[in-house]
Amino acid sequence: MYQKIIETKITQCNYNELSEEYKKLVETAKNQVEKAYAPYSKFHVGAAVQLENGEVFAASNQENSAYPSGLCAERVAMFFANAQYPETPVRTLAIAAFTNGNFLKSPISPCGACRQVLLETEARFEKNIATILYGSEQIYIIDNVKQMLPLCFEKSSLDIKTD
Ligand code: THU
């Protein structure tokens, strides 16, 4: 018996340390919180996806009175981008969350279902997606989605293996 340790590399920084490109994407995600439809949770999330061709798609969470019918900002943004550009890889995703009159101080982290969707896009285009998790006091950058979802279920998991 032995123990395995799976590591995730997280770059922690503050806003001023971001590149101009990343600052712009973070600003786009922050601006999107105003457009969230979140009357139930009052938790407003903004997401901005940048494609390899430079194009940016921005979105917010969309809730529903039948709660599970709503969708997180990350998935709205990613599906929107993939639907418009099915051949173009995604380069970067930025997310920000606003509640009780303030942006979260700690970096907002995508839920498990969103990570699964982000992973599919990363695998689909065989291109790492960097994720910028915004917090007003600190920001995390993770170089690829796979690191955010260890022991993931992926396409190859569907291959039936028999002994
Ligand atoms: N939400 C997101 O949009 N993204 C996240 O990363 C976490 C949660 C949304 C879902 C729901 O509308 C609200 O925030 C509260 O969970």
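1. The shell around the ligand divides into seven nonpolar, three polar and two charged residues; here Ala, Val, Leu, Ile, Met, Phe, Trp, Tyr, Cys and Pro count as nonpolar, Asp, Glu, Lys and Arg as charged, and the others, Gly among them, as polar. Among the residues around the ligand are S41, F43, N61, E63 and A73, where "around" asks for a heavy atom within 4 Å.

2. A word on the source: this is a predicted model, with local features needing pLDDT of at least 70 and side-chain atom pairs pLDDT 80 or more, while totals for chains, interfaces and linings use all residues. Residues are numbered from 1 along each chain as its sequence is written, and side-chain values use heavy atoms, leaving out hydrogens and water.

3. Do look at the ligand's oxygen atoms.

4. The whole structure has six. In one of them, D143 pairs with K9, the closest N and O atoms being 2.8 Å apart. This pair links distant parts of the chain, 134 residues apart.

5. E52 and K127 form another salt bridge, with closest N and O atoms 3.4 Å apart.

Notes: A salt bridge is a side-chain nitrogen of Lys or Arg within 4 Å of a carboxyl oxygen of Asp or Glu. Helices (H or I, at least four residues) and strands (E, at least two) are DSSP runs, numbered from the N terminus.
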